[in-house]
Amino acid sequence: MKTETATALCVAGAGACAVGVVAGGAFAIAGQGQRPGLRRSIATAAADAQVSSTSSSSSSAVTSSVAAGVLVAAAGAGRRRRGARALRSARGGYETTKSESIFNEAKTIMPGGVSSPVRAFKSVGGNPVVFDRVKGAYAWDVDNNKYIDYVGTWGPAIIGHADDTVLKALAAQMEKGTSFGAPCALENELAKMVIEAVPSVEMVRFCNSGTEACMGMLRLVRAFTKRDAVIKFEGCYHGHGDAFLVQAGSGVATLGLPDSPGVPKGATSGTLCAQYNNLSSVEELLKSNEVAAVILEPVVGNSGFIPPTKEFLVGLRELTTKYGALLVFDEVMTGFRIAYGGAQEHFGVTPDVTTMGKVIGGGLPVGAYGGRKDIMEMVAPAGPMYQAGTLSGNPLAMTAGIETLKRLKQSGSYEHLDKITSKLINGILDAAKSAGHQVCGGSISGMFGFFFCEGPVTCFADATKSDTEKFAKWHRMMLERGVYLAPSQYEAGFTSLAHTEEDIDKTIAAAKEVFAQL
């Protein structure tokens, strides 16, 4: 009986173990990190030991010693657990157990566990949090952690997530149907709003994504000019069409892939790359090639936030006119965000063709390209350049876009965006400087960004000098404090009409705390 009792207890668990020797036998009890079931096992073992001490006088001393050892170790483990809970409480009780479980399953059924690469948190380390719901300026994950959201579903949520007016309009439209595959009056309504707002657009074609808009635009400019070559800029992203995956920034830069495997040489042979904010690099290519179009993000958002100089945009307008090429602004990100009429309104430079997306769908899948009437009449069925889409112009996306643009058109919308975004970026930069970190950045209206380097950053080559390891640590620490930022140094951030001064103050306070500890 002595031998049986002396060796009766060995409870295994994760974390540190308390080990003692009782009557020549060892017992081990899991300490830090115990599961609830394991705690119950310890309590049960202690109770059993006490019962056995009353039933057998020959083993009472041994079993009592075992019980005492169990209780002492359990008490120590309890103190460690309480300490861990106190630490989590001090950090806002941040746990992501459910997100981890869901993402681990996702990796077995979807490539990388995501439907778009940057969501995987590859460049910032750790696993992504899995969202459960959004409202206004906030997002909640499946573990019920609340975040101030500065991603805004990558730009569309400019009036705030799940806006009540938009939801009401969508509910009414769903009673009529979700997709027609036929003309509907809502297309006319949104088209007229876009044409009225965007200086370059006289006609518009709706599609289903920014990538699709850029693919249609590329075919259009080649068809109209009867030229094949196009100029894009290092670090500018125009979707995942083959011809654009050349020095494309965004997810390609995040993953460290200069180009994507599977893109044939022929698909990119007509794609020429120039340096952003460098007019001489553009003219050199225009002189030596028959170029159909110069295509750019008028404010770069896919290499981080990089604004152009006014002289650069004006110079591009002059050069393209001089060499017979079209000028294309990819305003998928900037359209209706940095001004109601996009970057072309903000900077006063009018391109020939514009691509759009994100905001004009109000959070539903949408894309569009538009421009001068003589160019757009090349598009089928008006002209010979073919492009089509089953869900293009669907009534739900049109409804959400219409209601979103109505809200943006109200007085004070862009003033609010400019006020809170300027306060946010200045607060983050001041916090970094006070803590001795080199960080540069800026904002225009509801779009912002920063780089972990001295700066200034005027092109993609400058952006690559950033300390991405430091950014990754900063991102994780901000996440733990309830601030959700783009999980890549090479992505811009976004504010919305739903963000308040209090949200900005909380974010700056978190940034000060993190920079002080970084």
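Predicted model: local features only at pLDDT ≥ 70, side-chain atom pairs only at ≥ 80, totals over all residues.
Residues are numbered from 1 along each chain as its sequence is written, and side-chain values use heavy atoms, with hydrogens and water left out.

Thr 421 sits in helix α15, residues 413-434. Helices (H or I, at least four residues) and strands (E, at least two) are DSSP runs, numbered from the N terminus. Thr 421 has a relative accessible area of 0%, so Thr 421 is buried. The cut-offs are under 20% relative accessible area for buried, over 50% for exposed, and partly exposed in between (1.4 Å probe, protein chains only). Leaving aside neighbours within four places in sequence, Thr 421 is in contact (heavy atoms within 4.5 Å) with Ser 443, Ser 445, Gly 446, Met 447, Phe 448 and Thr 495.

Now zoom out. The chain has 18 helices and 16 strands, and 54% of its 518 residues count as buried. Take the contacts between residues at least 6 apart in sequence: 70% of them join residues at least 24 apart.

On to the cores. A nonpolar core is a set of buried Ala, Val, Leu, Ile, Met, Phe, Trp, Tyr and Cys residues joined through side-chain atoms within 4.5 Å. The largest one has 41 residues, and Ile 231, Phe 233, Tyr 276, Val 282, Leu 296 and Leu 316 have the most contacts inside it. Helix α11 (residues 310-323) gives the most to this core, with 4 residues. Beyond its neighbours within four places in sequence, Val 282 touches several residues, including Ile 231, Phe 233, Leu 316 and Leu 319. A second, separate core of 37 residues includes Val 124, Tyr 147, Ile 420 and Leu 429.

Next, a loop worth a look: the one between α4 (97-109) and β3 (131-135), where Ser 123 is found. With a relative accessible area of 25%, Ser 123 is partly exposed. A polar atom of its side chain lies 2.9 Å from the backbone oxygen of Pro 487. The C-alpha atoms of Ser 123 and Thr 468 are 7.8 Å apart, although 345 residues separate the two along the chain. Phe 121 is in the loop between α4 and β3 too. Phi of Phe 121 is near 65 degrees, a positive value in a residue other than glycine, and Phe 121 counts as buried at 1% relative accessibility.

Phe 336, in the loop between β10 (326-330) and α12 (342-347), also isn't a glycine, and its phi is positive at about 65 degrees. Its relative accessible area is 1%, so Phe 336 is buried.

Finally, check the prolines. A cis peptide bond, with omega about 5 degrees, joins Ala 380 and Pro 381; Pro 381 is in the loop between α13 (373-376) and α14. Another cis peptide bond links Gly 455 to Pro 456, with omega about 0 degrees, and Pro 456 falls in the loop between β14 (447-451) and α16 (460-463).

Technical notes
Polar contact = N/O pair within 3.5 Å; in protein donor to acceptor, adjacent residues only side chain to side chain.
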